[in-house]
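Please work through the exercises below with the sequence and the 3D structure at hand. Each task is followed by a solution in steps.

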Amino acid sequence: MCLQSLTLLIIFTLFYSHAFALKKSYIVYLGSHAHPFTLLSQAHLDRVAHSHRTFLASFLGSHQSAEDAIFYSYKRHINGFAAVLDDKKASEIAKHPNVASIFLNKGRKLHTTHSWDFMLLEKHGVVHKSSLWKKARFGEDTIIANLDTGVWPESKSFSDEGYGDVPARWKGSCHGDVPCNRKLIGAKYFNKGYLAYAKFPSNSTFETPRDLDGHGTHTLSTAGGNFVPGANVFGLGNGTASGGSPKARVASYKVCWPPFKGAECFDADILAAIDAAIGDGVDVISASVGGDAGDYMNDGLSIGSFVAVKNGVTVVCSAGNSGPKPGTVSNVAPWIITVGASSMDREFQAFVELSNGSRFEGTSLSTPLPENKMYDLISAADGKAANASALQALLCKKDSLDPEKVKGKIVVCLRGDNARVDKGQQAATAGAVGMILCNDKASGNEIISDAHVLPASQINYKDGEAVFSYLNSTKDPKGYITAPNTQLHTKPAPFMASFSSRGPNTITPGILKPDITAPGVNVVAAYTEATGPTDIESDNRRTPFNVESGTSMSCPHISGIVGLLKTLRPQWSPAAIRSAIMTTSRTRDNTRKPMVDATFHKATPFGYGSGHVQPNKASHPGLVYDLNTGDYLDFLCAIGYENKVVQLFADDPLYTCRQGANLLDFNYPSITVPKLTDSVTITRKLTNVGPPSTYRSYFHAPLGVEVSVEPKQLTFSKVGEEKMFQMTIGATSEKALGYVFGELTWTDSKYYVRTPIVVQLSS
């Protein structure tokens, strides 16, 4: 080849590579489909895909270019496609009248606190629900879908022993390397959005619904795992494990993959999975994923969940693990049940003992120390390697510890920055015999049980300060870590996890999020056997059950309870189910005092929403705040979406935003008034789902706020009867600035329908 031709080839290659690099993966949302699923044929679906190609071809110039660009056509219930486009074409498409929205294929994270829980059937537990289990026949009529990292089908939690035939309404299937049975009735994977974003070529790692991470098996078994006697984690927490709906059928939709630039689960894949799940016939979608809260029309999980709820499917999502910082809650769309995380009354205790006689309660799932004796202690900062800073060493980061300084000693590390189990790995690599992990101030009293690779215990912030003080007070510090043991009936419980994302809702401040809290700290559940319990490559241990923490773990607790309610109350809408869960929750712990956060300060609705779930009471709420698709469309109009966009969302070209649609009158089971400067009146509607009765209103007004309710009494004579009431809220002369909290309760002395009141007072 001549030099001139070679130069032209290089220039062309560089130009092509640069042009390709400028392209990004986008989702083009065209609204919902009008066709009923029962009438769909493959030919019909092919025509939908062809219409998407034709639409895109009008911008790209040819059908072939459109076919090359599109990597998903959403053909069943969601109407739209995902394609690789440059920004200019995306801007042109956004202006088309048939486009509801076009947005980037964003990445999300799993909501675990790496290392990274499943409820035990224990009569003492704060999540005990055997009464509801029996009434709802253990959720046997429900199909629960999980959007996550896949499933480990060999787990006993997915055994179909004793199950009848798969429901005839089920349309789903399993991918070849994950066999279906009468319990695990679906397993699919969705990877095109991930691969388009990462620009990876596909291989066998990305072409399986099998769980190679553990997160998906853990969350799915928490929601719907079967009864497994003798479940334990390395001998700890022994009991009969089960999910919230132990006899439900379950299906896994794998949408999360190895992290790429901090993201694991992509909107394009999430939309494809939700579209498939609705068509397959699921009743509940559980999604322990999320990212930063954003515009509802530029959020794949928000759009997909709206279409699911419109089709009668209840969607439950995790609130996120970015707490305790305010305004961090994610998955805030009002048609989603958003779940925070709190503790339970079971701990895996491993005490830290010092030679001065001090003894501190910690937690761990690790093996015991090799000898029953006091060991030399060293602060990780004092054990730093020559090329590491004191802070890097204190955090026990990779290659920050000097083996000559820490070998044979118990190293004291500080929580934060890198994974808890990674700190233990670094200590073990440097030759330490054990690790004491001390909480940072933000983590407070929240201590998390991990299956560390060496003997270890995690202690709270105050006790950690005492350990560091002891290290500084003596030239010969010594200590010991007791073997872990299971302790029940611990107090106080529940309390809010520090990691659980907090309100206020930054997208729509007039909607309280999260909605509810549930157990999300040190939860035991089924696990993959493709990796070790720490997910560290060198960890060769395998366990069929593992302990994990995060709102990823609390989310499927609620999903399992939803499954029970779907079986017990099949006529209830997703909004009625959410209302029942929220209005029957509690805000006091097992000491009968108000719930606290991880620093043991009083918690607020920005942490727990309506409160901590009480499953048995949720089955008989008395009254519910119900919502339908029209109410959600009114909500979108009220917060400022254009009529054209709402029309596409409604799948109704004749839809017109209702005159006077007001967010204050949106029939949500919580009442939130941001920036109150004057008196406002709020309207709500209650639907009777219990026996005929008369309810009276009682309220605890927020500090600096005047509240009145009219009428003060509501009489219901039959199931399904609806009654309206109005609440007027105004500021008193002694008002303080900021958020204040109260509650409204309707009761007939048997049922208590409690609603949080959140008011932001402004000058």
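The model is predicted, with local features requiring pLDDT of at least 70 and side-chain atom pairs counting only at pLDDT 80 or more, while totals for chains, interfaces and linings use all residues. Residues are numbered from 1 along each chain as its sequence is written, and side-chain values use heavy atoms, with hydrogens and water left out.

**Exercise 1.** State the domain division and locate domain 1 relative to domain 2.

*Solution.* Step 1: the protein comprises domain 1 (1-103), domain 2 (114-344 + 493-619), domain 3 (346-488) and domain 4 (667-761); such bounds come from an automatic or database domain assignment. Step 2: between the C-alpha centres of domain 1 and domain 2 the separation is 33 Å.

**Exercise 2.** Characterise the interface between domain 1 and domain 2 by contacts, buried area and polar interactions.

*Solution.* Step 1: 19 residues of domain 1 contact 26 residues of domain 2, where contact means heavy atoms within 4.5 Å. Step 2: about 1,800 Å² is buried between the two domains, 70% of it on carbon and sulfur atoms; buried area is the accessible area (1.4 Å probe) that two parts lose on being put together, summed over both. Tyr72, His77 and Ile78 account for 32% of the area that domain 1 buries against domain 2, more than any other three residues. Step 3: zero salt bridges are counted between domain 1 and domain 2 (a side-chain nitrogen of Lys or Arg within 4 Å of a carboxyl oxygen of Asp or Glu). Nine residue pairs are in polar contact, both residues at pLDDT 80 or more; a polar contact is a pair of N or O atoms within 3.5 Å, and within protein one must be able to donate a hydrogen and the other to accept it, residues adjacent in sequence counting only if both atoms are side-chain atoms.

**Exercise 3.** Which elements give two or more residues to the side of domain 1 that touches domain 2?

*Solution.* Step 1: they are strand 1 (24-32), strand 2 (70-74), strand 3 (78-85) and strand 4 (101-104); strands (E, at least two residues) and helices (H or I, at least four) are DSSP runs, numbered from the N terminus. Step 2: strand 1 provides the largest share, four residues.

**Exercise 4.** Describe the seven-stranded open sheet and its edges.

*Solution.* Step 1: the strand order is 20-19-25-21-22-23-24, with mixed pairing; two strands pair if DSSP finds at least two bridges between them. Step 2: strand 20 (359-360) and strand 24 (456-459) are the edge strands, each pairing on one side only. Step 3: strand 23 (residues 434-438) runs parallel to strand 24 over four bridges, and Ile436 has Ser457 in strand 24 as its bridge partner.

**Exercise 5.** Where do the cis peptide bonds from Gly323 to Pro324 and from Lys513 to Pro514 lie?

*Solution.* Step 1: the Gly323 to Pro324 bond is cis, with omega near 0°, and Pro324 occupies the loop between strand 16 (314-318) and strand 17 (337-342). Step 2: the bond joining Lys513 and Pro514 is cis, with omega about 0°, and Pro514 is in the loop between strand 26 (485-488) and strand 27 (516-519).
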